[in-house]
2 protein chains.
Amino acid sequence: MPVNLPAPNPSELFPIAGVRIGITEAGIRKANRKDLTVFLLDAGASVSGVFTQNRFCAAPVQVCRTHLASGAGVRAMLINTGNANAGTGQEGLARAQRTCEALAGKLAISPEQVLPFSTGVIMEPLPVDRIEAGLDAALADAREDHWLRAAEAIMTTDTIAKAFGAQVKIGGALVSITGISKGAGMIRPNMATMLGFMATDACVSQTLMQQLARELAEGSFNRVTVDGDTSTNDSFVLVATNKAAHAPIDSLDSADGQALKAAMLGVARQLAQAIVRDGEGATKFISIQVEGGKSAAECRQVAYAIAHSPLVKTAFFASDPNLGRILAAVGYAGIDDLDQAGIDLYLDDVHVAVKGGRNPAYREEDGQRVMKQSEITVRVVLGRGQAQDTVWTCDLSHDYVTINADYRS
Amino acid sequence: MPVNLPAPNPSELFPIAGVRIGITEAGIRKANRKDLTVFLLDAGASVSGVFTQNRFCAAPVQVCRTHLASGAGVRAMLINTGNANAGTGQEGLARAQRTCEALAGKLAISPEQVLPFSTGVIMEPLPVDRIEAGLDAALADAREDHWLRAAEAIMTTDTIAKAFGAQVKIGGALVSITGISKGAGMIRPNMATMLGFMATDACVSQTLMQQLARELAEGSFNRVTVDGDTSTNDSFVLVATNKAAHAPIDSLDSADGQALKAAMLGVARQLAQAIVRDGEGATKFISIQVEGGKSAAECRQVAYAIAHSPLVKTAFFASDPNLGRILAAVGYAGIDDLDQAGIDLYLDDVHVAVKGGRNPAYREEDGQRVMKQSEITVRVVLGRGQAQDTVWTCDLSHDYVTINADYRS
């Protein structure tokens, strides 16, 4: 059961002019399951992506990087579930390449104009033949209003589809933004999560796209964690189809640039948080806000130490205000000159620790009340500077163990 | 159920001349439970300790450091379970100090000659009155052959007492070594684990003791992890009572020094591994051996990334050879210039991955066979140097969640 995450609202999933989506059941790992998705982009779209920093990055991630760098102009994206094509060596690269060639052949474009994405089990050979056999059906299915179907087709252990949209006025034109994402384990994105796709009909020059993707990822996907495991396949791709009737945005600092970025960040953040809300076994959604640091980086370091502590996560699962576990995680986060006497801890509005010790006014019932909620904010004040940062995570439950002990069986 | 960890063998727990141990039930947190232990050391013992690197270190750890640095000569150690006296601020320091004063008063020594240790719940005030009230009974209980009782009295969520001993000839004299330790959660020692105590009647100058403690911890407690949570209270203390009939050891590089260190390391490693074997919810004992690195530090970094990955740990629990999860952890361990094409992976004798991809000869049944064992060696070859290191860990099971969700209730 995801935490406060309703099913996507179809009326918010705006078709994006210049983007058509088709899906099919290719039987990649299991039968009777939507597992293959094709995005078709009109010529002239600006496209950028950010990808996992995992050194064991998957074959499709390597191919995506090469194809984006070629400057050929992306015209299609091909996404399969059921197989991650990671840990597959040279053969994996060849197979990812073959799927691009197959789709390019059908569309009369070059293979460099196709971006491939895979998610699923690691270290199994990608069944290229089944993907090739499914392409015709996926292409026949392609329509502009298929965002929800795509959100469903990229799910793996996700329990609910994740799709959000927004509209914003840019230079007098109403611009649409729609995005989808999937989780739900091996989630501690380090550039972005496998997989997030967002498109807009706004007009954004290709030169700005990489900066936009990076900044959006930094404020959304790069701030969530389920289990601290950075996936081999994390990919976040941004498409601007340049169809809307406004002057192209040439700077993210312009009024139009800022408006578009804010609207897109809102969608990206919903997509990223949805992954945590539907994190494997999650029963609580936890915002970890660290402030008073010397730098945002050290605030993040502390926030991740808390977010990754199995002891903290199980305490949240149990609604147990065993808050010393949070202080312990702050202490081992790796800030060498941290002075515990400067640290305050809050749980929502409850002031738990003062200057490194228990707040004399703190009462266990108050902590208990907050811990029982399904949405909790942990606020740590380091007392050594002005910087701050926030990370979103979930608890660690029996279901996390069950899901990951049974994943392949 | 601990993993291949029998109950301590009383005939291996050698009394150490000059060390007497008394325990009692002080009712610190729960009634009818041995929870207070006193070690009494004859004058002239050499004592050293290594302590947690957690910046939120507990009050007793701070007091231990001060008292050891005072050079007053340690004559007693006072250990309580049920309360960690961590996250307790200035008041916690005062309380730790008061327990030292109380014991010192009864022994007619100075408070600086007492080392205090606490383990249990964090952020609760230490019940000094109950500790003081229990001292007489603990002192009346003091005997040289009470090592097993002490091992039992320092347990918290441990399911079995941990105590080992050894004897070794040094300079013609038979020297005894006995040690105890406890876990079982919040275990990723960074100097040593809460709590390890070892004593020997060997003659070791005080000037060598700190080096000896550090080197022993590096080869034992600092190589184990249960959940990656470095405790606020980790303490590993070494006592040499200087009672044995041999010339004092003046260098760890001498023949005698090497012999003593090897024997002590053997005991320390058993104590440290026992903590993992009895790790919260553990069903498997896993050695993670990383070799072919540029430095031991980077090998350790990779080993810990694997050892802390919840996905890897749940796969071990499930006996599921989902080995791509190990490759993914290698990839995100933080070695920026790591080339996945250089990496091989073995599970015991089974060669799973070759040059970053699946070994064509690898068969799932072979991986499955090893994963079902209760003792497993994961061997990662980085292919970029000659360094190596090993870390010991356990799996992540339902019981870990249960234990830590219910710990305080």
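## A two-chain predicted model

Just after helix H8 of chain A, A:Ser319 takes a positive phi of about 55°. This is a predicted model, in which local features need pLDDT of at least 70, side-chain atom pairs count only at pLDDT 80 or more, and totals for chains, interfaces and linings use all residues. Residues are numbered from 1 along each chain as its sequence is written, while chains are lettered from A and ligands numbered from 1 in the order in which they are written. Helices (H or I, at least four residues) and strands (E, at least two) are DSSP runs, numbered from the N terminus.

**Helix H8**

H8(A) spans residues 310-317. Eight of its eight residues are buried, so H8(A) is largely enclosed by the rest of the structure. Buried here has a cut-off: 20 or more other C-beta atoms lie within 10 Å of the residue's own, with C-beta atoms placed from the backbone. The buried residues include A:Pro310, A:Leu311, A:Phe316 and A:Phe317. A:Lys313 is also among them. What do the buried residues of H8(A) pack against? In chain A, they pack against strand E11 (285-293), helix H7 (296-308), helix H9 (324-331), helix H10 (364-371) and strand E15 (375-381).

Chain B can be laid on chain A with an RMSD of 0.0 Å, by a turn of 180° and a shift of 0.0 Å along the axis. The two copies are thus related as by a two-fold rotation axis. Superposition is by least squares on the C-alpha atoms of residues with pLDDT of at least 70 in both copies. In chain B, the C-alpha nearest the axis belongs to B:His398, 2.9 Å from it. The same surface serves both copies, as 100% of the contact residues of chain B recur in chain A.

Contact means that the C-beta atoms of two residues, placed from the backbone, lie within 7 Å. By that rule, 57 residues of chain B are in contact with 57 residues of chain A. Helix H2 (89-107), helix H8 (310-317), helix H9 (324-331), strand E14 (357-358) and H11 of chain B each supply at least two residues of the side that touches chain A. H9(B) gives the largest share, seven residues. By class, this side of chain B has 24 nonpolar, 23 polar and 10 charged residues. Ala, Val, Leu, Ile, Met, Phe, Trp, Tyr, Cys and Pro count as nonpolar, Asp, Glu, Lys and Arg as charged, and the others, Gly among them, as polar.

**Two domains in chain A**

The domain assignment of chain A gives domain 1 (10-277) and domain 2 (285-406). Their centres, taken over C-alpha atoms, are separated by 33 Å. The contact takes 10 residues from domain 1 and 11 residues from domain 2. On the domain 1 side, H6(A) gives the most, with three residues.

**The four-stranded sheet**

Four strands of chain A form an open sheet in the order E1-E2-E4-E5, with mixed pairing. Strand E1 (19-24) and strand E5 (114-118) stand at the edges, each with a single partner strand, so one side of each is left without a neighbour in the sheet. Two strands pair if DSSP finds at least two bridges between them.

| Strand pair | Sense | Bridges |
|---|---|---|
| E1(A) and E2(A) | antiparallel | six bridges |
| E2(A) and E4(A) | antiparallel | five bridges |
| E4(A) and E5(A) | parallel | five bridges |

A:Ile23 stands opposite A:Thr37 in E2(A). A:Leu40 has A:Ala76 in E4(A) as its bridge partner. A:Asn80 stands opposite A:Ser118 in E5(A). Helix H3 (residues 128-140) of chain A packs on the sheet, touching E1, strand E2 (36-41) and E4. The direction of H3(A) makes about 130° with that of E1(A). Such axes are lines fitted to C-alpha atoms, for helices over the stretch in contact, and angles run from 0 to 180 degrees between N-to-C directions.

E2(A) is mostly covered, with six of its six residues buried. A:Leu36, A:Val38 and A:Leu40 lie on one side, and A:Thr37, A:Phe39 and A:Leu41 on the other. In a regular strand the side chains alternate between the two faces of the sheet.

**The five-stranded sheet**

Chain A also holds an open sheet of five strands, in the order E3-E10-E8-E7-E6, with mixed pairing. Strand E8 (residues 194-200) and strand E10 (residues 235-240) pair in the parallel sense over six bridges. A:Phe197 has A:Val237 in E10(A) as its bridge partner. H6(A) lies across E6, strand E7 (173-181) and E8 of chain A, running at about 170° to E6(A).

Notes:
A residue is buried if 20 or more other C-beta atoms lie within 10 Å of its own, exposed if 12 or fewer, and partly exposed in between; C-beta atoms are placed from the backbone. Domain bounds come from an automatic or database domain assignment.
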